[in-house]
Amino acid sequence: MQKMILLFALCILFVHHTSAQNELPDVKVKNLSGKEISFNTICKSTDTALVISFWATWCIPCITEMELLNEQYEDKRKEFPYKIIAVSIDDTRTVNKVRPFVKGRGWQFDFYTDTNHDLKRALNINDIPHILIIKNGKIIYQHTGYTPGNEENIYQKLKTN
Amino acid sequence: MQLRYLCPVILACFFFILFYELKAQSPPPITNGHISGSFESYSQLYLRDKKINAVLPQDRLASNNFLKLDYTLKKIAIGVQYESYLPAIAGFPFVLNQSKIVNKYFKYTDTKFEIQIGDFYDQFGSGLIFRSWENRQIGINNALEGVKLAVTPLPFLHLKGIYGRQRKIFDYANSVVRGVDAAIDFSKINKDFSGNTFVTLGLSYVGRYQQYTGPDPDFPATVNAYGTRLEIVGQRGSFSAEYVYKDRDPNVVNNFNKTAGSALLINTGITENNLGLNISLRSLKNFDFRGERDAIGTSVPVNFIPALTRQHDYLTSNIYVYNPQAAGEVGGQVDLFYQIKGSRKQPSRIAVNFAQYRALGIDNKLLSISNNRYFSDFNIEWKKKWSNQLNTTLAYHNVFYNKSVIEGGIYENTNANIFIMNNLFKYAKNKSFRFELQALFSEQDNGSWAAAVTEFGFAPAWNFYLSDLYNYGVLDTHYPNIGGSYTKNGTRFSLGYGRQRAGLICIGGVCRFVPAATGFSATLTKTFNN
């Protein structure tokens, strides 16, 4: 029985691969004022490329990467247009720190929280940091983990799309 | 064949057909679906190691594997999760040598209406009254199998209902959990609120029924919990308070105590440019809430009680971590984040955190304070970017750890002072070197520790590390580790060899004891999204 379910799931995967367009999951995240908004709506709201960064206040490599992205944000945006959406996966243990944390660091991104990991789960993100680049509702690049220098790949991708 | 397995098969068939229909009708394609999936595999090979008295499992090779597939088509989403333990890694909260499809769901989302049938995760408020969640590291998954309904009948009113049974490893808890949650958004009622301040009032009910077959005529088979919460968020500050009352719930964890439980959580935050302050207070009284009255440890929690302390990442600062005491505690934490220098390019940042938790006072009332300290942690971290090449982090921690309460048993209290230095040197555009030095000084428990970590990064794909944690106080033992990883897009493979320290991993108020072990570990994770 279980094999049948898996088989059907794989069939969907196979059939789907032949179609071109897609729509992102309609999952709600919260902005820093506590307002719920669908991730799909965020992605549809602009033609500009979106860099979605999944991070948490306790994740050292995430913070290293975000700090660098923040420092270069202004200069790079003069070269090519993009917007950074930072989705924190901090759960109740640390979610209250997100706002003071980002303000205390002077980060300039659009911030959302995914406290019970609904979006992380819907996009099947295993570990953070995890970066997605979304353009016109389509994921054109993704990268898991951070090694200093990874940001160059993000910029390269943004430049060529 | 069990009937409940039919549902996903039927749904899968439906979409299979729908897809072909849509494709047949439409060049150019009008299908708007999103397929997403992930695979995660964690394996360990255990080796004999007399120095740390590592207990070899019967099967020296253990492997935890997870496959998840989700498909979204317009308003509909379906998905499955398959788990395979061949067998489960040592120290996992269950001994298992089995594979199974554990989660499957169907979800329909409209603007004002959402229904999910099958296995689902959710939380009410902060989770103090209810949270179903997954954490593969500690082996917890208390997804509810049943129905979840969310409606917005009026623009300012959000209602949610849940009904189901909790997942218990590869089975289900012998009970039913049900609940409703209402959130009233005042900014939608009164236009005066719709400026920059948002006020939300929440009311929740959660009940758990487990059949009782014992002799006590006064024994509650159903345990009800009621919660209320208020959240105010402005431009420069926020305040939230949540109170939950739980009916008497005699169970194994509270030694069949027949008194009611309660919990209070208050949080306030202030933000200015380059400054952030957050203060949390929490008190718990007889508040362990589970799906089964004889469950312990990581098994079937209904609510979520995380340690409200700083979450540490370093080898030495992770030795003494707090485990919340649901039986009774009072305490809180303060966080301060500050960017010292205005320069965006070369900032200097400071983070201060202080947390302390104590036993409830002699009358055992919520918020009463006794002199019996469970845990305290004062830590300060200074981070400086010297140039585009060099970053330095310095940190100091002063920790008090009541091991008898936190781990159980009779031990002396531990005081520890921890010093950490972390340097990241990016010597070329895609090459970096990281170097950590750490020292933990203590005269109690296992005495003092020292640690060093080096990491070499070659972006975009390669990363290697070499570390040693050394206890020179009592154990005179080295815990060396070496490993590396390869990453490409959404795929990561890592391989490591080394010795791991015995200790507690605690996430969200549930802890897993990890036994000392030596061996190889391999991890493969993959995420795919089209």
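How many salt bridges does a search of the whole structure find over all chains? The search finds 35, a salt bridge being a side-chain nitrogen of Lys or Arg within 4 Å of a carboxyl oxygen of Asp or Glu. The model is predicted, so local features need pLDDT of at least 70 and side-chain atom pairs count only at pLDDT 80 or more, while totals for chains, interfaces and linings use all residues; side-chain values use heavy atoms, with hydrogens and water left out. Residues are numbered from 1 along each chain as its sequence is written, and chains are lettered from A and ligands numbered from 1 in the order in which they are written.

The interface of chain B and chain A was examined next. In total, 106 residues of chain B are in contact with 73 residues of chain A, where contact means heavy atoms within 4.5 Å. The size of an interface is often given as the accessible area lost when the parts come together. Between chain B and chain A the buried area is about 7900 Å², and carbon and sulfur atoms give 54% of this area; the value is the accessible area (1.4 Å probe) that two parts lose on being put together, summed over both. Eight salt bridges are counted between chain B and chain A. Across this interface, 35 residue pairs are in polar contact, both residues being at pLDDT 80 or more. A polar contact is a pair of N or O atoms within 3.5 Å; within protein, one must be able to donate a hydrogen and the other to accept it, and residues adjacent in sequence count only if both atoms are side-chain atoms. On the side of chain B that touches chain A, the largest share, nine residues, comes from helix α1 (residues 6-25) of chain B. Helices (H or I, at least four residues) and strands (E, at least two) are DSSP runs, numbered from the N terminus. The residues of this side of chain B divide into 41 nonpolar, 40 polar and 25 charged, with Ala, Val, Leu, Ile, Met, Phe, Trp, Tyr, Cys and Pro counted as nonpolar, Asp, Glu, Lys and Arg as charged, and the others, Gly among them, as polar.

Side chains of opposite charge can pair when their charged atoms come close. In the salt bridge of Asp185(B) with Lys35(A), the closest N and O atoms are 2.4 Å apart. This pair joins two chains, because Asp185(B) lies in strand β13 (residues 176-185) of chain B and Lys35(A) in the loop between β1 (28-31) and β2 (36-38) of chain A. Asp185(B) is buried at a relative accessible area of 6%, and Lys35(A) is buried at 17%; buried means under 20% relative accessible area, exposed over 50%, and partly exposed in between (1.4 Å probe, protein chains only). The side chains of Glu152(A) and Lys429(B) also meet in a salt bridge, at 4.0 Å from N to O.

Within chain B, Lys160(B) pairs with Asp122(B) in a salt bridge whose closest N and O atoms are 3.0 Å apart. Lys160(B) belongs to strand β11 (residues 157-168) and Asp122(B) to strand β6 (residues 122-124) of chain B, so the pair ties together parts that are 38 residues apart in sequence. Lys160(B) is partly exposed, at 22%, whereas Asp122(B) is buried, at 8%. A further salt bridge links Glu455(B) and Arg434(B), with 2.8 Å between the closest N and O atoms. Salt bridges that share partners join Glu67(A), Arg105(A), Arg349(B) and Lys383(B) into one network.

Arg105(A) is also one of the buried residues of α4(A), which include Arg99(A) and Pro100(A). Helix α4 (residues 98-105) of chain A is largely enclosed by the rest of the structure, because seven of its eight residues are buried. Gly106(A) follows α4(A) and has a positive phi, near 65°. Thr271(B), in strand β17 (residues 261-272) of chain B, is buried at 4% relative accessibility. Its contacts, leaving aside neighbours within four places in sequence, include Arg99(A), Pro100(A) and Lys103(A).

The structure holds one disulfide over all chains, a disulfide being a pair of cysteine sulfur atoms within 2.5 Å. This disulfide joins Cys59(A) to Cys62(A), with 2.0 Å from S to S, and the link is right-handed, with 80° about the S-S bond. Cys59(A) is buried at 4% relative accessibility, and Cys62(A) is buried at 1%. The sulfur of Cys43(A) is too far for a bond, because the closest cysteine sulfur, in Cys62(A), is 19 Å away.
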